[in-house]
Amino acid sequence: MVDVLVVGAGPTGLTLALTAHDHGARVRVVERRPDPFRPSRALILHPRTLEVLRPLGVTEAVLDRADTAPTARLHLGPRVVEAGLGDLALPDTAFPHLSLVRQTDVEEVLAQALAERGVPVERGTELVDVRDDGRSARAVLRSRRGDEEFGARVVAGCDGPASTVRRCADIGWHGRPYAVEVLLADLDLEGLAPGTGAQVFAARTGLLFLFPLGEQAPWRLLATRASPGGAGRAYGQPGPAVPAVELQRLLDEAGLRARIERLAWSARVPLRCSLAPRFRRGRLFLAGDAAHTYSPATGQGMNAGVQDAVNLGWKLAFAADRLDGERANGRGGDPLLDSYEAERRPAARRRLALTHTAFWAEASTGPLPSWLRGVAAPYAAPAVPVLLNRRRLVAEAVRTLSQLRVNYRHSPVSVEGSPRPRGMPRPGDRLPDATVSTGGPPQRLHGLLARPGVHVLLQRDAAPLPDAVPLSRVTVLRLASSPGRGVLAVRPDGHVGYTCGATDPVGLMAWLSLAGALPQPAARR
């Protein structure tokens, strides 16, 4: 029996497996598709996503495949506005930029990291059924070798909108389809060189995007059009191909003087916004698209899934043994495991509102959004460069879009000790990056914490921790550049878990126990 069975090997499942493994869990990863899904759908990583991936040792490999200084040309009627999305005014992160990178590349980096740790992705292995019997999660897996019944302490469903784990957990799926669908294509275009950066065209019929990130041709097209609807549609999954003549008509209507030389691949993707009413039932958990689906507006899908995975992965690893004493329904059980839904579902609900509003402005065929894109946007074009030059304004927008402002202040594992600290982030807040000193040359704080585990930060004048405090899953750093006597504990996902204005070993130990950071019983292995 393993600690965590991960179902699905997209960015969410791979990140969850890597996070759980690096925090001590025994992990198995299964994926029903025999080969990785291609071509990519997601094309962007946000600063916060890069932050949470950094302790897993994969960020540099991802950035080696990314464009970290992307540019875009906004076509607003006859006017063209240049926009840069690199080097934003974000001093509290090591990644002050948006990164254009194919989902394919992210998956390859994560899968390689897992393989190096001895955790293969078992492709062509489908989850047929899973049940929580109160003592373990019993899964039926099907592959070319036949059916296999397999036990795990927990199962993490990262298996997309049509999640088998969600169905077996009898968790509903609240939402509705959009009246528009997305068209995707990889194109060779005559009259548009890939070195010109991303292209965005605003028209009455919607926005049209061209990214120089195609996998089977230089350009990736993303556009919206009215959806024919119909029952039984595989929402979020690529459907029938789009004829080249239809795509050429879209380019012509957008005012782009370019001709499709070759159509390498295309698909229609019906869309739905949905949110599961709960992210957990007993030993069965949901993450990523299995728990929530969005429109492509603001590029939330892959980013939200990765952030779910990091939040959940360390908790499953740290609390795996404690599940053995939980009630089967998972309610009123372990606060650490309950905190996943308490933290990530409200964040998902806010993202749904954000993406729904953005998608209405981007793609709705109603009179007001059509008028805004087709008439108002060209008249407003002269003001766009002025707004883009307001770097702090742009930075605040990116903070909101990339979830840098998400906090878990009301989480059951966010604890403030006594006396109350001053000048510290609040429990549940993301820990900002900063230049600090631990007695040597100044260093960036996030770089010092870029490894798995819990990190306890002591201010300059704080009393030392007693030798009796077990530190097998904890790193302790004293910040010589931070005056005060306070103590701050940082969770593996970069959020503050505990603060206190003085060294309180009892309070700190209580929080470390709550967070599962104390040594596990020897019987586990």
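Which residues are linked in a network of salt bridges? They are Arg48, Glu51, Asp92, Glu396, Arg399, Arg405 and Arg430. The model is predicted. A search of the whole structure finds 38 salt bridges, five cavities of 30 Å³ or more and zero disulfides.

**Salt bridges**

- Side chains of opposite charge can pair when their charged atoms come close.
- Asp132 sits in strand 8 (residues 126-132), while Arg283 sits in the loop between strand 16 (280-281) and strand 17 (284-286), so the pair ties together parts that are 151 residues apart in sequence.
- Asp132 is partly exposed, at 25% relative accessible area. Arg283 is buried, at 3%.
- Arg225 pairs with Glu246, and their closest N and O atoms are 2.6 Å apart. Arg225 belongs to strand 14 (residues 219-226) and Glu246 to helix 6 (residues 244-254), so this bridge ties together parts that are 21 residues apart in sequence.
- Arg225 is partly exposed, with a relative accessibility of 26%. Glu246 is buried, with a relative accessible area of 11%.
- Arg409 meets Asp429 in a salt bridge of 2.7 Å, N to O. Both ends lie in loops: Arg409 between helix 11 (391-401) and strand 19 (415-416), Asp429 between strand 19 and strand 20 (435-436). The pair therefore ties together parts that are 20 residues apart in sequence.
- Arg409 counts as partly exposed, at 34% relative accessibility. Asp429 counts as buried, at 12%.

- How much space lies in the largest cavity? The value is about 200 Å³.
- Its lining has 18 residues, and the closest to the centre are Glu51, Pro55, His446, Leu449 and Gly494.
- Helix 2 (residues 47-53) supplies the largest share of that lining, with three residues.

**Surface patch**

- Which residues form a nonpolar patch on the surface? The members are Trp360, Leu368, Trp371 and Leu372.
- Together these four have about 390 Å² of accessible area.
- Helix 9 (residues 367-380) gives the most to the patch, with three residues.
- Trp371 is found in helix 9. Its relative accessible area is 41%, so Trp371 is partly exposed.

**Cysteines**

- The search for disulfides covers the whole structure and finds zero.
- A disulfide needs the two sulfur atoms within 2.5 Å.
- Cys273 counts as buried, because its relative accessibility is 13% and the buried class is under 20%.

Definitions and conventions. Residues numbered from 1 in each chain as written. Predicted model: local features only at pLDDT ≥ 70, side-chain atom pairs only at ≥ 80, totals over all residues. Heavy atoms only, no water. Patch = residues over 30% accessible without salt bridge, like charges linked within 9 Å, V, L, I, M, F, W, Y side chains within 5 Å. Areas by Shrake-Rupley, 256 points an atom, 1.4 Å probe, with all protein chains shown as cover. Salt bridge = Lys/Arg side-chain N within 4 Å of Asp/Glu carboxyl O. Helix = DSSP H or I, 4+ residues; strand = E, 2+ residues; numbered from the N terminus. Buried < 20%, exposed > 50% of the residue type's maximum accessible area, 1.4 Å probe, protein only. 1 Å grid on protein atoms, 1.4 Å probe; cavity = no way out; pocket = protein on both sides within 12 Å on 5 of 7 lines; lining within 4 Å. Points joined across faces, edges and corners; volume = space filled by probe spheres on them.
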